Amino acid sequence: MDMHRVVARGLLALAVTAGAAAAVVPFCDRPGGLALLAELNHPVLLACLAAVLLAGAALLTSRRAAVRKGAGLALAGAAVLGVLAVPAYAVVSDPFPDREWDVPAPDGSGRRLVVERGLGPGDPVWRIYVDSGRFPGTRRHPVAEYTADHPRGVLEATWTDASHIRLIDLDHTHHDLRITPDGRPLDRLTW
């Protein structure tokens, strides 16, 4: 058994999976969709990962020196660009936002009010959503988002009861929103 071929086939399978995920996940990230898919919605990172995996597979399987040299240079270049791109990508699209609040519903229904603060070009971006269910079948229902167009933030996020949440802006404005038993918001946040 040739271990180079086995590892190369594994890398090829991972590259196909990452490429398919990069193409499909943006269409699946929708209100009520799986929270796992919403967390994976970074097509640029997934496409770069697929390219690196393909270069690694080519490096392992090719018998031609020119192809192996080119794949090796591509991997080295991808590593250098990856190290340099991490800070820039964090500013443009924060893949790991700070979780400010993660509050379970008071009725024990498995719903959670989650508030994340991410990086924006100027002001932070705040995302508020309700996750319902258990992992990996957790469904995500967006409630509100404060972007650079609406430079506000969240001072406090709580459940007032099992069917209502309260968001308090940094300017102390209260927003009481109704939430269905499956986690969908019935009211739109307007400001």
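Author: A definition comes first: two strands pair if DSSP finds at least two bridges between them. Please note also that this is a predicted model.

Reader: Which strands form a hairpin, and how many residues lie between them?

Author: β7 and β8 form a hairpin, with four residues between them. H172, in the turn, has a positive phi of about 70 degrees.

Reader: In what sense do β7 and β8 pair, and over how many bridges?

Author: The pairing of β7 and β8 is antiparallel and runs over five bridges. Within it, I165 stands opposite L177 of β8.

Reader: Which residues of β8 are on the covered face, and which on the uncovered one?

Author: Strand β8 spans residues 174-178. H175 and L177 make up its covered face, while H174, D176 and R178 lie on the uncovered face. In a regular strand, side chains alternate between the two faces of the sheet.

Reader: What does I128 touch?

Author: Leaving aside residues up to four places away in sequence, I128 touches L113, V114, V115, P142, V143, A144, Y146, V154 and L167.

Reader: A change of topic: how many salt bridges does a search of the whole structure find?

Author: Four salt bridges are found. One of them joins the side chains of R140 and D131, at 3.1 Å from N to O.

Reader: Are R140 and D131 buried or exposed?

Author: R140 counts as buried because its relative accessibility is 10%, under the 20% cut-off. D131 is likewise buried, with a relative accessible area of 10%.

Reader: And which residue does D107 meet in a salt bridge?

Author: D107 meets R111, at 3.3 Å from N to O. D107 is partly exposed, with a relative accessible area of 43%, whereas R111 is buried at 3% relative accessibility.

Reader: Lastly, which residues make the nonpolar surface patch of about 250 Å²?

Author: M3, V6 and V7 make that patch. V6 is placed in helix α1, residues 3-28, and counts as partly exposed because its relative accessibility is 38%.

Conventions
Residues are numbered from 1 along each chain as its sequence is written. This is a predicted model: local features need pLDDT of at least 70, side-chain atom pairs count only at pLDDT 80 or more; totals for chains, interfaces and linings use all residues. Side-chain values use heavy atoms; hydrogens and water are left out. Patches are made of residues with over 30% relative accessible area and no salt bridge: like charges are joined within 9 Å, nonpolar side chains (Val, Leu, Ile, Met, Phe, Trp, Tyr) within 5 Å. Accessible areas come from the Shrake-Rupley method with a 1.4 Å probe; for residues, only the protein chains shown count as cover. Helices (H or I, at least four residues) and strands (E, at least two) are DSSP runs, numbered from the N terminus. Buried means under 20% relative accessible area, exposed over 50%, partly exposed in between (1.4 Å probe, protein chains only). Contact means heavy atoms within 4.5 Å.
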